[in-house]
Amino acid sequence: MGSVRIENLHKSFNGIAALEDVSLDIREGEFFALLGPSGCGKTTTMRCVAGFESPTSGKIFIGDRDVSNVPANQRNCGMVFQSYALFPHLNVFENVAYSLQVRRFYQGGFGTKLAVLGNMLNRKLGRVDKETEKKVRDALDFVELGHLADRLPGQLSGGQQQRVALARALIMEPAVLLMDEPLSNLDKKLRNSMRVTIRRIQQKVGITTIFVTHDQEEAMGMADRVAVMQGGKLVQVDTPTALYSNPGSTFVADFVGSSNIFKGKVKGTEASGTVIQLEGGQLLTSAFSAKREDVEVIIRPESIRLAAGEPVDAGDKSIEGTITMSTYLGPSIRYDVQVGNMQIEVDKTFEAGTPLLPPGTKVYLSIDPHLVVIL
Amino acid sequence: MKKRFLESLSGFTVLKWFIYLFFFLFLLVPLFSILLVSFTGQPINLFGSLVSQKTLAKTIEKLSNVSLEAYSSLFEGKGYFDALLNSLKLSTGVALLVTIVVIPIAYAFARTKMPFKGLFATLCTIPLVVPTFISSYAFMLMFGKTGWVNHIYQALGGEGVLFDIQSMLGIVLVQVFYFFPYALWPMVAAFKISDLTLEEASQNLGAHSWYTFMRVTLPLAMPGIVSSMLLIFTVSFSDFGTPIILAPKDLNLIVVEAYREMAGFFNWAGSAVLTVIMLLVAAFFFWLQRLVIKGKEYGTISGKPTRQKMNDHKGVVSVLTTYSFLVVLIPVLGVASIFLSSLATTWGRHALPDGYTLSHYLTIFSTSHKNILNSLVLAGGALVLSVVIATFVSYFVVRRNSGGLDFISSIPLIVPGISLGIALIQTFNTAPLKLTGTAILLIIAYTIRRMPYMIRSTMSSMMAIRKDIEEAAVNMGASNLLAAVTVIGPLMLPGIAAGAILVFVTVIKETSISLLLAPTDWAPMSLAVFQNLLRGEYYTASAMAILIIAIVIVLQYLAKKLTKDQLY
């Protein structure tokens, strides 16, 4: 087990920068997600850690060991590939046994080498030793696939293949587990259950895990910390909750959950916070910010209170608007509200028995100053 | 720095340099030294110059006498120039004729509801499995002075023979009927690809279907047609089997001329010049073909199949069907003639043999079993060598982006068999690497000649293996080499096997290299057939030819099966 430290990583392909000055400190046992849109450099970062790409400059440490120049096959990183990359000609057992067999091949004497190679080329040409056999069986039982040991990968469902890939990566007891979009090939329902399975296994084993994904829901739901990347650079590294409630940029705010993002001007400062002038009205925020006059304001849809008829707050801080669209989302209702020239999205918890407010309804919006982020 | 260098010198890198060395020794050096010889007029021993001062001095002396004399004799001594001209005429004629013959068939395959498409497609593979010198012999059995076609012709009231088979016309006809499948499938693809909506637009504007075909369909298919025309040109130009059998004494063709200069007179200067010229012509047309298809690669497997409206006009379909049947039938009749001849006691006085016997087969198994064995050993050797080299070349090209190897290994595509043979003989004729006349050089020559085809087969199966499969193996601790052996190798096996069989098959068919390089002890079956024909032992030759064809058909069927039933 080990921590992973990335220092000033740069990577360019044919002169085009794919990674620029990425530095990360991933703690031992941490579940760490790299999140970003495609082409943001998250996969390149992971492939640098795995050793499939060599950095243009920068250093990578696994534990205390500088692995920057260590070949990929000596880094001891278990990897789960997006397509699982199971060996189609080997059955489940042999797939999982592969890393152990490779180890035995390199460490054993000539006789062992021959036996192992024979077995890897054709299962009839050599036996797997008892210890390997037991380890593989245990690993397969661990991911609840013991009964499918003799199947070929092509005969397994997507979820089962996923678990074989996981067992295959874990059995080598890697210092760090790398997962490259491992859920993207599964349907939604399976994805949700695999999310729980992977998280549970990671907790049980306690292994440092780097998880690459473009799906913010996955990253937020599984990771201890998330690094958001954009255009080859790190944008923000934080816990999921901090990322959500305190996005450092409009990009993060927009990428992580849905957000209302407005331009505004700082009007003045009161004892309770800063007052910001938006197009549709004034807004009080508890955040003290911005020497600048022009700011951007980020408000999560569920942070806005909405009331029909009378203003909720007695004060003059509520904003008046008109509903333009109501969308029923199950647990909540999404109202699109027109305030002046602004469109504001508001989420309201759905209460059984209460009808949806129809478009055209006049509403008053008010916002808790604590829940407003200004940038 | 030094340590990094030693580390990079892994098993793989060493292997890569070995492959480079192989191509360097047996392809580049021979071609280069034949080029030198064409200027010096005397044999040059490049390897000898490396190890012996004396040879080096001699070589330098020869090189100082460089002249264009040999080339100028090309224009003075009329022989060579005539040979080149005749060969160009032949190839141009064959290329044009094949195109004209094939266009209706290609159209029928691609655009009409012609019946028996499957059967025709199968029959179209027949011409390709028959070595050209055997197909020439087949045409002699049909159209020769005592050929059965001429018997029928005379019975119908004709005088003499339909035409003289041992003539330019004979050679053209054999090549047209036995090379047309090379052009057929690219043209079918070309017709399939051209946009149907444009044709519909044309018809919608009131054009007749004939007009539409000439002004819309044909021009759209043109790049494909031109490209296959050029391909046929190159194939015809390099073909040795047909002219060696059918060319009359007064018809000079460059391949035959080069062969005679080498095998008959050991005229280094002459054969070198002819070799260089053949190479240049083949290379030029190869380059031209690439130029035409550049950026117009017709994806035959990729892309979604566009819905084609098939022409089902009754008259058109039945005319095209009859026509296709006739064209496809002729090569089949040729093979049938050989088969009949292999069973005949004597044949020639009537349209059918006088009697039937199996004694010719007994003869070849009793007297020529050595040739059969030789063929199998030589082809086996070429197979093993090709498998090893092709597998690693495709690995380096596909996975390690080794453009250099890709280039070198495709050079043999443009080298006619006779040219390669002459270059190899010249280079390895003397110590220190005296390999001429050994089975080793023969095997190497076969291997080099068939390498591009083998590599194509292994490369496509290599490309079908996703890169992450290999990365997974490396990630789990395997070195590149171990990953290649335990994962990539087994996954490539069907592709390798198919390619290997094809190498085996083509080696058994190979004529030019065998005739030039095979020592008497190692005479393969094709050489035996050839010698039998020269000695007038026609029936034995037929039996041996049938044996070759049978082996080829069985093995090609196997190869096809292997690529189809990919295990995973």
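User: How far apart are the C-alpha centres of domain 1 and domain 2 of chain B?

Analyst: Domain bounds come from an automatic or database domain assignment. The C-alpha centres of domain 1 of chain B and domain 2 of chain B lie 26 Å apart. Domain 1 covers 1-39 + 358-568, and domain 2 covers 77-301. This is a predicted model: local features need pLDDT of at least 70, side-chain atom pairs count only at pLDDT 80 or more, and totals for chains, interfaces and linings use all residues. Residues are numbered from 1 along each chain as its sequence is written, while chains are lettered from A and ligands numbered from 1 in the order in which they are written.

User: How many residues of the two domains are in contact?

Analyst: Two residues are in contact if their C-beta atoms, placed from the backbone, lie within 7 Å. Here 31 residues of domain 1 of chain B are in contact with 25 residues of domain 2 of chain B.

User: Which elements give two or more residues to the domain 1 side?

Analyst: Helices (H or I, at least four residues) and strands (E, at least two) are DSSP runs, numbered from the N terminus. In chain B they are H2 (11-40), H20 (417-427), H24 (512-517), H25 (525-535) and H26 (538-564).

User: What about the contact between chain B and chain A?

Analyst: It takes 17 residues from chain B and 21 residues from chain A. On the chain B side, helices H22 (467-475) and H23 (480-509) give two or more residues each. H22(B) gives the largest share, 6 residues.

User: Where does the kink in helix H16 of chain B lie?

Analyst: The bend at a residue is the angle between axes fitted to the seven residues ending there and the seven starting there. In H16(B), a kink of about 30° lies at Leu329(B), shortly before the proline Pro331(B). The expected span of a helix is 1.5 Å times one less than its number of residues. H16 (314-343) of chain B has 30 residues and reaches 42 Å from first C-alpha to last, close to the 44 Å expected.

User: Is Met172(A) buried or exposed?

Analyst: A residue is buried if 20 or more other C-beta atoms lie within 10 Å of its own, exposed if 12 or fewer, and partly exposed in between; C-beta atoms are placed from the backbone. Met172(A) is buried, because 22 other C-beta atoms lie within 10 Å. Met172(A) sits in the loop between helix H5 (158-170) and strand E7 (176-180) of chain A.

User: Leaving aside neighbours within four places in sequence, which residues are in contact with Met172(A)?

Analyst: They are Gly78(A), Ser99(A), Met476(B) and Gly477(B).
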